[in-house]
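Biologist: Please take a close look at one part of this model, namely how its elements pack against one another. I would like a connected account, with the cut-offs behind each term.

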Amino acid sequence: MPRGVLKDAALALALALALALALALALAAGARDDGCRRRRWTVDEAYAAYLKQVQAQRAELGESMVALQGALDHPAGLGSTWRGRVRAALTELAHDLRDHVELTESSGGFYDDIRTKAPRLNHQVESQLVEHAELLAEVERLLDERDEGMPDPDAVAAHREAATRLLGQLVRHRQRGSDLTFEAYAVDLGGSG
């Protein structure tokens with residue numbers, strides 16, 4: 001991934017984390033301001049704690065993405081050292097991605113709440129769920145590919161390219177998740193007046 005793209009991804013990650021923190025604090029306070037009127041949402045302590053857990057897990061996933069990028073940035077010519085670093089980073093990313101999916105898709109969790117409070121966003125929620133399945137499948141494919149071995153430099157290059165593409169997909173998924181969160185909890189796009 002070129003440096004500019006990595007820098008943009010890091011900035012997007014920082015902005016997403018700031019948005020998630022602002023959202024959690026606003027929800028914990030039970031207030032919503034859509035620019036036209038003030039609305040009070042009651043957020044019980046359990047859900048506020050859940051949102052903090054979502055935020056913390058999101059940060060862990062971001063750290064795993066940075067670790068994978070760091071591993072991929074090393075020279076592939078390091079051979080088994082490079083492959084070991086990439087394998088370790090992919091393993092951690094897989095773990096954090098599974099945790100993210102489990103946490104956000106849990107019954108009564110984040111996506112259920114959005115479906116309930118902002119049904120106009122059900123299509124975006126469904127898109128995020130489809131992406132979860134695709135991202136998990138790609139991480140598992142990359143881990144399996146690594147376990148089966150990479151017989152030549154072309155296979156290593158293809159593996160590196162696929163892992164780099166995965167990072168780009170994750171960045172875009174997280175951006176769409178941030179946009180969905182903002183639309184669900186901060187802006188009322190439906191209706192008139």
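**Packing of the helices**

Modeller: Helix α4 passes helix α5 in a left-handed crossing, a term used when the near helix is turned anticlockwise from the far one by less than a right angle, clockwise being right-handed. The model is predicted, so local features need pLDDT of at least 70 and side-chain atom pairs count only at pLDDT 80 or more, while totals for chains, interfaces and linings use all residues. Residues are numbered from 1 along each chain as its sequence is written, and side-chain values use heavy atoms, with hydrogens and water left out.

Helix α4 covers residues 110-117, and its axis lies 9 Å from that of α5 at an angle of about 160°. Axes here are lines fitted to C-alpha atoms, for helices over the stretch in contact, and angles run from 0 to 180 degrees between N-to-C directions. The angle makes α4 roughly antiparallel to α5, since angles over 145 degrees carry that label, those under 35 count as roughly parallel, those from 65 to 115 as roughly perpendicular and the rest as oblique. On the α4 side the contact (heavy atoms within 4.5 Å) is made by Tyr111, Ile114 and Arg115, and on the α5 side by Asn122, Val125, Glu126, Gln128, Leu129 and His132. These residues divide into four nonpolar, three polar and two charged; Ala, Val, Leu, Ile, Met, Phe, Trp, Tyr, Cys and Pro count as nonpolar, Asp, Glu, Lys and Arg as charged, and the others, Gly among them, as polar.

Gln128 belongs to helix α5, which spans residues 122-148. At 2% relative accessibility, Gln128 counts as buried, where buried means under 20% relative accessible area, exposed over 50% and partly exposed in between, with a 1.4 Å probe and protein chains only. Apart from neighbours within four places in sequence, Gln128 is in contact with Tyr111, His173, Arg176, Gly177 and Leu180.

Tyr111 and His132 are among the contacts of Thr104, together with Tyr50, Gly109 and Phe110, when neighbours within four places in sequence are left aside. Thr104 is located in helix α3 and, at 3% relative accessibility, counts as buried. Its side chain reaches the backbone oxygen of His100 at 2.9 Å. A polar contact is a pair of N or O atoms within 3.5 Å; within protein, one must be able to donate a hydrogen and the other to accept it, and residues adjacent in sequence count only if both atoms are side-chain atoms.

Helix α3 (residues 80-105) in turn packs with α2: their axes come within 9 Å and cross at roughly 160°. That makes α2 roughly antiparallel to α3. The crossing of these two helices is left-handed, and the residues in contact comprise 15 nonpolar, five polar and five charged. Ala71 is a residue of helix α2 and is buried at 6% relative accessibility. Beyond its neighbours within four places in sequence, Ala71 is in contact with Trp82, Arg85, Val86 and Ala89.

From α2 the contributing residues include Arg58, Leu61, Met65 and Leu68, and from α6 they include Arg160, Thr164, Leu167 and Arg174. The contact holds ten nonpolar, four polar and four charged residues. Thr164, part of helix α6, counts as buried at 14% relative accessibility. Thr164 and Leu68 are 96 residues apart in sequence and 8.7 Å apart in space, C-alpha to C-alpha.

As for the whole chain, its secondary structure comes to six helices and two strands, where helices (H or I, at least four residues) and strands (E, at least two) are DSSP runs numbered from the N terminus. From the N terminus on, the order is α-β-β-α-α-α-α-α. Buried residues make up 41% of the 193 residues. Of the contacts with a separation of 6 or more, 75% are between residues 24 or more positions apart.
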